[in-house]
Amino acid sequence: MVVLSVPAEVSVILLDIEGTTTPIAFVKDILFPYVKENVKEYLQTHWEEEECQQDVNLLRKQAEEDSHLDGAVPIPAASGNGADDPHWMIQAVVDNVYWQMSLDRKTTALKQLQGHMWRAAFKAGHMKAEFFEDVVPAIRKWREAGMKVYIYSSGSVEAQKLLFGHSTEGDILELVDGHFDTRIGHKVESESYRKIASSIGCSTNNILFLTDVSREASAAEEAAVHVAVVVRPGNAGLTDDEKSHFSLIASFSDLCLPSST
Ligand SMILES: CSCCC(=O)C(=O)COP(=O)(O)O
Ligand SMILES: [Mg+2]
């Protein structure tokens, strides 16, 4: 891996979270088990609340879309007359969440519920988000050099803000100019990156996207976004083709901004 010069036209750095700013182990060993261990109790406690019902409705819609998939777990339609047995309905939602999580699905519905569940844990100080040690110093440096820094993660915007607001480095939310999640589109679709550029008010070639997932890098590249694939401990391996096609960095400090050359 070598130092990567950031093209002069880049004024926005767009960051993935899991595997890029944050170890996959933090997500897989802390965030996701929290959801699995607490989802039933969470639904039982919050079932009557509007936010929880919105989450369930979104999961139900997703379950309908997924009904053709092998092993899909349905969520029965609500009768609308309040006569449904909540225990039975909650168990169906729990089973659906477990099924989606077993496949590491990145659906907006699952991510919305997860974000709402993590809120209590972060706010109570039971969890603090981990960032690789090069992340915060690099973001500060980029911003001092006039770069804008945005996040694009499958995790919901609310969850992203929880991570940046409650990290082992303290509240670093102010280091981020804005957040995008799958509501703008999926990360493996090039149209999502065009929409992000338009929402920021720049051209796609003004953006450098850093991610650990080569399918996301390819989608961004197709939209004329500059990309680098981030190789971190614990990330999935890359094929030889991917290694030769993409610029690779092992640390954000491998990026060299035009003014610092
Ligand atoms: C706020 S990120 C929580 C982790 C998560 O749920 C996730 O799906 C991360 O995906 P990413 O797009 O950041 O790789
Ligand atoms: Mg990632």
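A residue is called buried when its relative accessible area is under 20%, exposed when that area is over 50%, and partly exposed in between. The structure described here is a predicted model.

**The ligand site**

Ligand 1 sits in the largest pocket. Two or more residues of the shell around ligand 1 come from each of helix 1 (24-46), helix 4 (108-123) and helix 6 (157-165). There are 16 residues around ligand 1, and those that come nearest are Asp-16, Lys-111, Ser-153, Ser-154 and Lys-187.

| Residue | Part of the residue | Distance to an oxygen atom of ligand 1 |
|---|---|---|
| Ile-17 | polar backbone atom | 3.3 Å |
| Lys-111 | N or O atom in the side chain | 2.8 Å |
| Ser-153 | N or O atom in the side chain | 2.7 Å |

Taken alone, ligand 1 exposes 390 Å², and the protein buries 98% of that area.

His-116 is found in helix 4. Its relative accessibility is 8%, so His-116 counts as buried. Apart from neighbours within four places in sequence, His-116 is in contact with Tyr-42, Glu-51, Asp-55 and Glu-158.

Glu-50 belongs to helix 2, which comprises residues 50-65. Is Glu-50 buried or exposed? Glu-50 is exposed, because its relative accessible area is 62% and the cut-off for that class is over 50%. Along the chain, Glu-50 and Thr-239 are 189 residues apart, and their C-alpha atoms are separated by 46 Å.

**A buried asparagine in a loop**

Asn-235 is located in the loop between strand 6 (226-230) and helix 9 (240-245). With a relative accessible area of 15%, Asn-235 is buried, because the limit for that class is under 20%. Which residues does Asn-235 contact, once its neighbours within four places in sequence are left aside? They are Gly-19, Ile-24, Asp-212 and Val-230.

With two of these residues, the side chain of Asn-235 also forms polar contacts. One of its polar atoms lies 2.8 Å from the backbone oxygen of Gly-19. The backbone oxygen of Val-230 lies 3.2 Å from a polar atom of the Asn-235 side chain.

**Positive phi angles in two loops**

Asp-104 is placed in the loop between helix 3 (86-102) and helix 4. Phi of Asp-104 is near 50°, a positive value in a residue other than glycine. At 27% relative accessibility, Asp-104 counts as partly exposed.

Ala-224 lies in the loop between helix 8 (214-222) and strand 6. Although Ala-224 is not a glycine, it has a positive phi of about 70°. How is Ala-224 classed at 41% relative accessibility? Ala-224 counts as partly exposed, because that class lies between the 20% and 50% limits.

Definitions and conventions: Residues numbered from 1 in each chain as written. Chains lettered and ligands numbered in written order. Predicted model: local features only at pLDDT ≥ 70, side-chain atom pairs only at ≥ 80, totals over all residues. Heavy atoms only, no water. Helix = DSSP H or I, 4+ residues; strand = E, 2+ residues; numbered from the N terminus. Buried < 20%, exposed > 50% of the residue type's maximum accessible area, 1.4 Å probe, protein only. Polar contact = N/O pair within 3.5 Å; in protein donor to acceptor, adjacent residues only side chain to side chain. Contact = heavy atoms within 4.5 Å. Near = heavy atom within 4 Å. Areas by Shrake-Rupley, 256 points an atom, 1.4 Å probe, with all protein chains shown as cover. 1 Å grid on protein atoms, 1.4 Å probe; cavity = no way out; pocket = protein on both sides within 12 Å on 5 of 7 lines; lining within 4 Å. Sits in = over half its atoms within 2 Å of the grid points.
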